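Biologist: Could you walk me through this structure slowly, as I am new to reading models like this one?

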Amino acid sequence: MPGRSRVAPHVADLPKSGIRKFFDLVAQSKDIVSLGVGEPDFDTPWHISRAAVTCLENGGTHYTSNLGTPALRQAIVRYLGRRFSAQFDWRSEVLVTVGVSEAIDLAIRAICSPGDEVLYHEPCFVSYAPTIRLAHAVPVAVSTGAKDDFRLTVEALERCVTPKTRAILLNFPCNPTGATLSGADMERIIDFAGRHDLIILADEVYSELNYEAEDAPLPSFAGFPSAKDRVVLLNGFSKSWAMTGYRLGYACGPGDIIDAMMKIHQYGIMSAPTLSQAAGVEAMDFGDKDVARMKNEYRRRRDYLWTSLTRIGLETILPKGAFYMFPCVRNTGMGDEEFALKLLKEHGVACVPGSAFGASGAGFVRMSYATSMEKLRLAVARISEMLLNRLPAPH
């Protein structure tokens, strides 16, 4: 019919990613120091990539089971048991996906009917609300703030829950704030979910990047026996093992939910890449030293950037996880988008306006320290130049 839109209304109404919008501007600029990309600057450790090469040499170019190879599902179960004391049946409670993003999408579509509400915290990864909408569910933002170190509190959840609420989607350690949850925080959220009969969708893709302990990851929602029947763990290989290009993730949870997710995955994707799955086995079983090495370097960069921003006069919470800094820029007299545009266009440093991560991020910017110390030092010098005589002296 003439004049009728060929795009479904619920897709046409989706906003484009605030990150991508901003980086279209970055692509047009020269001599840029980028603190914007949420991707490790390390190459995938060679022994992990070599496992993919060996798989290729041995003819591993065919479909796998829709659930993923038995070898990778068993390796995931071994890893989760060893690192988080989480127990899963590899046959029925593990699904290998194309990155954690697919796992999030599958989980929401598997459990939500049209009109169901999903609580999620802001600031958060930019895909959460759009992914919920694409499942014809209703995203409900739960605000977190600097006064609580951007932790998600039960008090905030209680203000937003309704009889239509179906699930809680959360990401700790958090992109973009670097916030984490303690074991006690998790127990309170698990108790809240039990009282309201909610499913917890735990995106823990930054789980290994914890700067509070040398050798231990943060607690996992999957490690609490009391949450066994209501937690779906969503994780992947991109961040901790520097495997972004492998597009490999996984979901673990109750068998009925994993089976439902597998059916959607089966018809939409078929199976995750075979070569990537071979690399995943190597990462799960033999990648601990690589993770520790990269984490130690991230910690060094984090400490430098936090000290530098604080010295400049930007109020910045010391992040306990992931590889992002989330300084407040309100005392510059600029909004977050104005600050980011001025820093980019006049001083050649790219960061992301906090409002790209939801209304709760307004007044902040995200800076990734997944880049070299040399570039961080140059970025700090340029930020200092921009803010010279603009900020009060720090206490």
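Predicted model: local features only at pLDDT ≥ 70, side-chain atom pairs only at ≥ 80, totals over all residues.

Biologist: How many helices and strands are in the protein chain?

Modeller: The protein chain has 13 helices and twelve strands, where helices (H or I, at least four residues) and strands (E, at least two) are DSSP runs numbered from the N terminus.

Biologist: And how compact is the chain?

Modeller: Its radius of gyration, taken over C-alpha atoms, is 21 Å, close to the 21 Å that the globule rule (2.2 Å times the number of residues to the power 0.38) gives for 395 residues, so the chain is as compact as a globular protein of that length. Along the principal axes, the C-alpha atoms fill a box of roughly 60 × 55 × 50 Å.

Biologist: What about the seven strands that form an open sheet, what is their order?

Modeller: The order is β2-β8-β7-β6-β5-β3-β4, and the pairing is mixed, with two strands counted as paired if DSSP finds at least two bridges between them. The edge strands are β2 (94-97) and β4 (138-143), each of which pairs on one side only, and from one strand to the next the twist averages 20°.

Biologist: Which helix packs on that sheet?

Modeller: Helix α9 does, touching β2, β6 (199-203), β7 (231-236) and β8 (249-252), where contact means heavy atoms within 4.5 Å. The direction of α9 makes about 30° with that of β2.

Biologist: Inside the sheet, how do β3 and β5 pair?

Modeller: Strand β3 (residues 117-122) and strand β5 (residues 165-171) pair in the parallel sense over four bridges, and Val118 has Ala167 in β5 as its bridge partner.

Biologist: Which strands make up the three-strand sheet?

Modeller: That open sheet has the order β9-β12-β11, with antiparallel pairing. At its edges stand β9 (324-325) and β11 (352-353), each with a single partner strand, so one side of each is left without a neighbour in the sheet. Two bridges join β9 to β12 (residues 365-368), and Met325 stands opposite Met367 in β12.

Biologist: Back to helices, at what angle do α5 and α9 pack?

Modeller: Helix α5 (residues 99-111) and helix α9 (residues 255-268) pack at about 110°, with their axes 9 Å apart. Axes here are lines fitted to C-alpha atoms, for helices over the stretch in contact, and angles run from 0 to 180 degrees between N-to-C directions. The two helices are therefore roughly perpendicular to each other, a label for angles of 65 to 115 degrees.

Biologist: Which residues meet there?

Modeller: Among them are Glu102, Leu106 and Arg109 in α5, and Ile257, Met261 and His265 in α9.

Biologist: What is the phi of His136?

Modeller: His136 has a positive phi of about 65° although it is not a glycine, and His136 is found in the loop between α6 and β4.

Key
Residues numbered from 1 in each chain as written. Heavy atoms only, no water. Parallel < 35°, antiparallel > 145°, perpendicular 65-115°, else oblique.
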